[in-house]
Amino acid sequence: MNIKNYINGEFVNPIKNQWIDNYNPSIGEVYGQIPNSTEEDIEKAYQAANEAFPSWSKTTLDERSSILSKIAQLIKEKLDVLAEAESKDNGKPLSLAKAVDIPRASSNFQFFANAITQFASEAHESVGFNAINLTLRQPIGVVGCISPWNLPLYLFTWKIAPAIAAGNCVVAKPSEVTPMTAFLLGEICNEAGLPKGVLNIVHGLGNSAGQAIIAHPKIKAISFTGGTNTGAHIARTAAPMFKKLSLELGGKNPNIIFADCDYDKMLSTTIKSSFANQGQICLCGSRIFVEESIFEKFKEDFVKKVSELKVGIPFDSETNVGALVSKQHLEKVKSYINIAEEEGGVILFGGERVSVNGAENGYYLQPTIIQVDSNKCKLNQEEIFGPVVTIMSFKTQEEALTLANDVSYGLSATLWTNNLNRTMQMSQELQAGIVWVNTWLMRDLRTPFGGTKASGVGREGGFEALRFFTEPKNICIQY
Ligand code: NAD
């Protein structure tokens with residue numbers, strides 16, 4: 001199946017007619033080709049977006065809202081097709097794509113369809129000066145949206161929806177590893193009546209197609225989700241051009257478990273926060289810290305539960321853990337497991353590739369639990385981004401906090417306790433953009449989402465996203 005670029009409302013081949021293989025990770029085989037787009041394709045997409053901007057930015061909020069709602073509705077109607085495409089492209093269990101990825105992509109559009117109708121400009125009366133300040137929130141122009149492979153349509157739409165709701169036109173690039181649902185989104189946008197050129201989806205590699213977006217002098221803002229190194233490179237390229245930047249980067253999140261927690265809820269949620277989507281979620285709690293008094297019990301129960309997870313083909317309804325996204329990524333994750341021993345780690349469960357019947361060349365790995373005795377090791381300091389967690393014990397609240405914060409990342413943290421004072425003390429001190437207490441990955445789309453330290457700059461979600469995608473202009477009128 002050949003994927004095409006979506007530019008100016010049309011599906012087109014890349015100008016240089018170069019292509020990249022697209023893999024189905026669950027069987028380890030090529031199943032199609034995607035455009036290997038170049039600077040010329042990005043320029044064409046930019047021109048289309050730039051031409052669409054004057055009229056799109058002047059559409060009424062009702063018009064924009066109703067088109068976004070229509071896109072949300074169509075995504076819902078095409079749930080099965082989209083979920084199958086996502087699962088095949090990414091390796092994630094079909095059940096997960098159906099329950100999480102695609103419904104959330106629909107919610108992203110519906111949320112911003114509603115939010116834009118509530119987004120108000122501000123006024124400040126300068127009392128005593130006979131003046132009034134009116135702060136407009138104007139769309140920026142043409143903006144770039146670049147997303148990763150782990151939650152393909154979910155994260156792609158999380159950027160595009162607020163960008164177009166705010167009146168911008170977009171040049172977007174999904175990950176070259178998982179392009180399929182972004183391709184299908186183009187058809188949905190046409191069906192929903194999105195004017196041509198408002199959204200342009202260009203496929204290709206990061207260092208060519210992606211690079212052309214971030215280096216384009218007229219693309220005025222970049223919303224990026226992906227790895228920390230890529231984020232740093234984007235900042236180096238885009239900052240001298242004074243582009244607005246939102247960078248949602250990697251994580252190495254602590255999951256801190258106190259003995260006074262609701263144990264059963266903690267245990268079942270910790271299975272998810274460790275291994276959902278094969279551990280390939282930036283918010284996964286990959287460093288588990290457990291209070292000493294329950295450490296042995298937790299170890300035993302956790303290993304038992306994890307051993308019951310079924311690794312298998314994504315389309316099988318019994319599957320809990322699907323395939324990793326690519327061979328290269330599988331090898332990267334495995335390389336961390338291989339250094340566990342050198343680092344004094346003990347593999348309590350997993351660590352091996354899994355050969356799945358009928359899909360022997362798929363990229364399957366056992367969910368893996370490694371006990372470590374220090375937070376300083378690579379396993380605890382570097383983002384693995386796969387089905388691998390470490391566990392270690394702590395004695396006091398202070399020690400837990402020190403361990404949690406002793407890492408370059410600062411995306412999210414999970415805390416399990418029923419002690420209110422401890423909840424408030426720890427939540428205040430944890431160096432993270434998001435703290436979950438007695439839950440994980442519960443998202444209210446109105447709340448700010450993003451990280452601190454090496455996990456990025458800026459916040460997405462709610463009005464934060466609409467503020468990012470608009471330029472404030474203050475008009476001061478004296479009367
Ligand atoms: P990646 O940085 O390799 O790629 C992300 C996107 O950037 C892809 O579309 C890629 O083609 C593009 N890209 C690469 N080089 C580029 C360049 N020079 N210029 C412009 N674009 C370029 O990341 P990945 O491997 O796709 O995704 C995994 C990473 O994403 C992990 O680190 C994970 O933690 C992070 N992530 C973060 C969040 C968050 O919200 N903070 C969410 C999901 C994933």
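**Close-up 1. Asn168 sits in the loop that links α5 to β8 (169–173).** Helices here are DSSP runs of H or I with at least four residues, strands are E runs with at least two, and both are numbered from the N terminus. A quick word on what you're looking at: this is a predicted model, where local features need pLDDT of at least 70, side-chain atom pairs count only at pLDDT 80 or more, and totals for chains, interfaces and linings use all residues. Residues are numbered from 1 along each chain as its sequence is written, and side-chain values use heavy atoms, with hydrogens and water left out.

Is Asn168 buried or exposed? Asn168 counts as buried because its relative accessibility is 0%; the cut-offs are under 20% relative accessible area for buried, over 50% for exposed, and partly exposed in between (1.4 Å probe, protein chains only). Set aside its neighbours within four places in sequence, and Asn168 is in contact (heavy atoms within 4.5 Å) with Phe53, Trp56, Pro139, Ile140, Gly141, Val143, Ala163, Val198 and Phe469. The Asn168 side chain also reaches the backbone oxygen of Ala163, at 2.9 Å. That pair is a polar contact, meaning N or O atoms within 3.5 Å; within protein, one must be able to donate a hydrogen and the other to accept it, and residues adjacent in sequence count only if both atoms are side-chain atoms.

**Close-up 2. The largest nonpolar core has 100 residues, and Phe109, Phe112, Leu185 and Leu199 touch the most other members.** A core like this is a set of buried Ala, Val, Leu, Ile, Met, Phe, Trp, Tyr and Cys residues joined through side-chain atoms within 4.5 Å. Helix α5 (residues 152–165) supplies the largest share of this core, with 10 residues. The core also takes at least three residues from each of domain 1 (5–249 + 455–478) and domain 2 (254–444).

What does Phe109 touch? Not counting residues up to four places away in sequence, Phe109 meets Leu68, Ile71, Ala72, Ile75, Thr157, Ile160, Ala161, Ile164 and Leu185. There's a second, separate core too: 29 residues, including Phe289, Val333, Leu379 and Leu415.

**Close-up 3. The ligand has 29 residues around it, and Lys173, Glu176, Thr230, Leu249 and Glu383 come nearest.** As for nitrogen, a ligand nitrogen is 3.2 Å from an N or O atom in the side chain of Gln211. How much of the ligand does the protein cover? The answer is 88% of the 850 Å² of accessible area that the ligand has on its own. Areas like these come from the Shrake-Rupley method with a 1.4 Å probe; for residues, only the protein chains shown count as cover.

**Close-up 4. Helix α7 (residues 206–215) has Ala209, Gly210, Ala212, Ile213 and Ile214 buried.** Which elements do they pack against? The buried residues of α7 pack against α1 (39–56), β7 (142–146), β8, β10 (221–225) and α8 (228–238).

**Close-up 5. Domain 1 meets domain 2, with 26 residues of domain 1 in contact with 26 residues of domain 2.** The domain bounds come from an automatic or database domain assignment. Over C-alpha atoms, the centres of the two domains are 30 Å apart.

**Close-up 6. Pro93 lies in the loop between α3 (79–90) and α4 (94–115).** Pro93 counts as buried because its relative accessibility is 3%. Beyond its neighbours within four places in sequence, Pro93 is in contact with Ser87, Gln278, Pro314, Thr319, Asn320 and Gly322. Pro93 and Gly312 are 219 residues apart in sequence, yet 8.5 Å apart in space, C-alpha to C-alpha.

Close-up 7. Asn8 is in the loop between β1 (5–7) and β2 (10–12), and has a positive phi of about 55° although it isn't a glycine. Asn8 counts as partly exposed because its relative accessible area is 27%. Phe385 is in the loop between α12 (378–381) and β16 (388–394). Phi of Phe385 is near 65°, again positive in a residue other than glycine. At 17% relative accessibility, Phe385 counts as buried.

Conventions: Near = heavy atom within 4 Å.
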